[in-house]
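Here are my notes for your first look at this model. Keep the sequence and the 3D view open as you read.

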Amino acid sequence: MAYNLLKGKKGIIFGALNDQSIAWKIAEKCYEEGAEIVLTNAPIALRMGEINKLSEKCGNAPVIPADVTSIDDLKNLFQKTLEHFGGPVDFILHSIGMSLNMRKNNHYTSTNYDFMHKTFDISAMSFHRVLQLAYQLDAINEWGSVVALTYIAAQRVFPDYNDMADAKALLESIGRSFGYQYAKKKKVRINTVSQSPTRTTAGSGVKGFEGFITFAEKMSPLGNASAEDCANYCVTLFSDLTKMVTMQNLFHDGGFSFTGVTAEVIEQMEK
């Protein structure tokens with residue numbers, strides 16, 4: 001059921017690759033709730049993915065390639081988006097993460113620092129670039145909303161999450177620091193959403209990922225939050241119903257983040 005929560009709003013969705021992507025589900029839900037959107041991803045991701053199918057499902061939304069490590073690409077994205085909409089946007093989703101150390105199976109204690117820098121550049125510093133350009137170009141309307149997706153490995157140790165854990169910690173810090181600046185300038189709110197482990201193309205690259213999901217399911221009183229659940233939550237953060245929420249890291253994980261242990265986990269350990 002749609003509630004027209006985003007009727008008349010315009011936004012940019014970063015990171016949709018295929019129908020397993022959380023960003024894909026969020027784009028669909030934003031469109032369902034009345035928003036007009038622009039879709040973007042890295043040129044190589046656009047070639048590998050199925051984003052044109054998503055575009056068709058979302059009212060033939062424009063697809064604009066952008067390498068998030070390139071200021072020029074991001075400037076082009078914002079300029080074309082402003083031209084398309086005839087003015088600023090109301091919301092932005094940052095759903096971007098990549099670790100070459102994880103892909104190459106480099107253990108955290110033997111990290112390749114060139115790869116680590118790339119992880120930070122793509123997964124966290126890109127968030128600062130997006131916000132900085134939006135700030136400088138006045139590309140977000142007053143009381144707009146920006147959301148970046150993160151994971152609890154920013155606060156707790158998940159050994160095989162590797163340097164992505166450090167990148168997520170930086171991402172969340174940027175959300176707070178820029179959240180203050182943007183709120184003071186234009187009442188724009190910036191939050192990060194710490195989602196349950198979710199079966200996506202990116203998630204499948206994490207060693208032991210199925211174990212992550214199973215453990216989180218047993219540790220979450222409500223169970224793991226799905227990509228569809230995350231999409232619904234992000235819509236509320238883009239809507240006018242959450243105008244006073246900013247600089248927060250919001251756990252969307254079925255209660256996992258504040259559960260010490262559950263009967264299911266104890267039972268499993270005693271087998």
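1. Start with accessibility. A residue is buried under 20% relative accessible area, exposed over 50%, and partly exposed in between, using a 1.4 Å probe and protein chains only. Glu-32 has a relative accessible area of 36%, so Glu-32 is partly exposed.

2. Know the ground rules. The model is predicted, so local features need pLDDT of at least 70 and side-chain atom pairs count only at pLDDT 80 or more, while totals for chains, interfaces and linings use all residues. Residues are numbered from 1 along each chain as its sequence is written, and side-chain values use heavy atoms, with hydrogens and water left out.

3. Look at helices H1 and H9. Helices (H or I, at least four residues) and strands (E, at least two) are DSSP runs, numbered from the N terminus. H1 spans residues 22–32 and H9 spans residues 227–238; they pack at about 55°, with axes 8 Å apart. Axes are lines fitted to C-alpha atoms, for helices over the stretch in contact, and angles run from 0 to 180 degrees between N-to-C directions. The angle makes H1 oblique to H9. Under 35 degrees counts as roughly parallel, over 145 as roughly antiparallel, 65 to 115 as roughly perpendicular, and the rest as oblique.

4. Who makes that contact? Contact means heavy atoms within 4.5 Å. H1 gives Ile-22, Lys-25, Ile-26, Lys-29 and Cys-30; the H9 residues include Ala-227, Glu-228, Val-235 and Phe-238. By class, the contact of H1 with H9 has 9 nonpolar, 1 polar and 3 charged residues. Ala, Val, Leu, Ile, Met, Phe, Trp, Tyr, Cys and Pro count as nonpolar, Asp, Glu, Lys and Arg as charged, and the others, Gly among them, as polar.

5. Compare H6 and H7. Their axes come within 9 Å and cross at roughly 10°. That makes H6 roughly parallel to H7. The contact of H6 with H7 holds 16 nonpolar, 6 polar and 3 charged residues.

6. How many salt bridges does the structure hold? There are 7. A salt bridge is a side-chain nitrogen of Lys or Arg within 4 Å of a carboxyl oxygen of Asp or Glu. Lys-25 pairs with Glu-228, with the closest N and O atoms 3.5 Å apart. Lys-25 lies in H1 and Glu-228 in H9, so this pair ties together parts 203 residues apart in sequence. Glu-228 is partly exposed, at 41% relative accessible area.

7. Glu-32 and Lys-29 form a salt bridge at 3.4 Å, N to O. Both lie in H1, 3 residues apart, about one turn of the helix. Lys-29 counts as buried, at 17% relative accessibility.

8. Lys-9 and Asp-240 form another salt bridge, their closest N and O atoms being 3.0 Å apart. Lys-9 sits in the segment before strand E1 (10–14), Asp-240 in the loop between H9 and strand E6 (249–252), 231 residues apart. Lys-9 is buried at 13%, whereas Asp-240 is partly exposed at 43%.

9. Finally, inspect two backbone angles. Most residues other than glycine have a negative phi. Asp-138 has a positive phi of about 50°. Asp-138 lies in the loop between H6 (113–137) and strand E4 (140–150). Lys-187 has a positive phi near 60°, and lies in the loop between H7 (163–186) and strand E5 (189–195). Asp-138 is partly exposed at 36%; Lys-187 is partly exposed at 42%.
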